[in-house]
Structure formats: structure tokens, C-alpha cells
Amino acid sequence: MKKIILCCIAALMLNSCESLESDKVKEGSSWKLIETKVSIGGPAEFTPVSESEYIQFLSNSEVIKSNGWCGEGRERTVIYSKDGTILTNCNGGGTLLFTIENDIMIIRNPACIEACEYKYKKVSGGTMSAK
């Protein structure tokens with residue numbers, strides 16, 4: 001009986017140590033796209049990008065992307081949730097998943113059959129318009 005109780009306590013403690021992705025997001029934090037991993041068949045690796053693209057997390061669970069979430073080519077704000085989901089609302093729907101580890105954020109499109117990931121690095125500074 002003691003072992004069961006100890007196991008339950010240990011499991012609760014480990015579970016409470018996990019944080020949601022949104023807990024890792026700091027309001028006002030900016031992220032620059034540094035690499036992409038996109039495959040149209042076969043294996044893929046992250047490759048550096050030449051274009052400048054930024055994401056900034058705002059208050060009230062909003063996130064803005066410098067060139068839009070659906071290919072608009074202009075800034076557009078959408079909502080993100082605590083489970084690491086960005087709701088893009090592209091074509092009436094659309095979801096991206098993000099994970100943050102230290103100063104690196106990976107955004108992945110779960111609708112892609114092959115690799116479809118974008119790597120961002122946290123940058124210091126203010127708003128995207130200043131970039």
C-alpha cells in the first residue's frame with residue numbers, strides 16, 4: 001500500500017513539473033525565422049533561410065506574424081492557446097503546433113504529410129516594426 005501511495009505522489013510531482021508551451025511564452029517576446037524543414041517526399045533536414053520573418057507574442061493570447069499566417073504578405077494577428085496551438089484561421093480553419101525549448105521555437109503544421117517545420121530563434125528588442 002505504501003508503494004502505491006509513493007508511486008502516486010511521485011507521478012503527481014512529475015506531472016506538476018511539466019509546463020504548457022504558453023507558460024514558456026513571454027508577452028512581447030519576438031522570434032526570427034532561422035531555418036525551415038520542408039519535404040515534398042523523402043527525408044528532410046533544417047536548412048537556413050534568407051528572408052526575414054518574425055513572430056511576436058502579444059497580450060491576451062494573441063500572436064502576430066510579419067508576413068501573415070496564410071500567405072498574405074503583411075502582418076496578421078491570430079490567437080494561440082495554452083496547449084501550444086496557434087489558430088491561424090486560414091481558409092476557415094487551420095492549426096499550427098509550437099514547442100519552445102530555451103531560445104528556440106519550432107512551429108509545425110500537423111496537416112503536412114511530409115516534414116513541415118519552421119525553426120525560430122528568440123531575439124531581443126521591441127516590436128516587429130522595429131526589426
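**Close-up 1. Cys-112 and Cys-116 form a disulfide.** Cys-112 is partly exposed, at a relative accessible area of 29%. Cys-116 is buried, at 10%. Buried means under 20% relative accessible area, exposed over 50%, and partly exposed in between (1.4 Å probe, protein chains only). The two sulfur atoms lie 2.4 Å apart. A disulfide here is a pair of cysteine sulfur atoms within 2.5 Å. The model is predicted: local features need pLDDT of at least 70, side-chain atom pairs count only at pLDDT 80 or more, and totals for chains, interfaces and linings use all residues. Residues are numbered from 1 along each chain as its sequence is written, and side-chain values use heavy atoms, with hydrogens and water left out.

**Close-up 2. A disulfide joins Cys-70 to Cys-90.** The S to S distance is 1.8 Å. The link is left-handed, with -90° about the S-S bond. It connects distant parts of the chain, 20 residues apart. Cys-70 sits in the loop between β4 (62-65) and β5, and Cys-90 in strand β6 (residues 85-90). Strands (E, at least two residues) are DSSP runs, numbered from the N terminus. Cys-70 counts as partly exposed, at 36% relative accessibility. Cys-90 counts as buried, at 18%. The whole structure holds two disulfides. With the bonded cysteines of the protein numbered in sequence order, the pairing is 1-2, 3-4.

**Close-up 3. Phe-57 and Tyr-80 make an aromatic pair between two strands.** Rings of Phe, Tyr and Trp (its six-membered ring) pair if their centres lie within 6.5 Å; planes under 30 degrees apart count as stacked, over 60 as edge-to-face and the rest as tilted. By this rule there are three aromatic pairs. The ring centres of Phe-57 and Tyr-80 are 4.9 Å apart and the planes stand at 85°, so this pair is edge-to-face. Phe-57 lies in strand β3 (residues 54-57) and Tyr-80 in strand β5 (residues 76-81), so the pair ties together parts 23 residues apart in sequence. Both residues are buried.

**Close-up 4. Tyr-80 also pairs with Phe-98.** This pair is edge-to-face too: 6.1 Å centre to centre, with 75° between the planes. Tyr-80 belongs to β5 and Phe-98 to strand β7 (residues 93-101), so the pair ties together parts 18 residues apart in sequence. Phe-98 is buried, at 1% relative accessibility. Phe-57, Tyr-80 and Phe-98 form one aromatic cluster.

**Close-up 5. The charged end of Lys-119 sits over the ring of Phe-46.** Its distance from the ring centre is 4.4 Å. The rule asks for NZ of Lys or CZ of Arg within 6 Å of the ring centre and within 35 degrees of the ring normal.

Technical notes
Helices (H or I, at least four residues) and strands (E, at least two) are DSSP runs, numbered from the N terminus.
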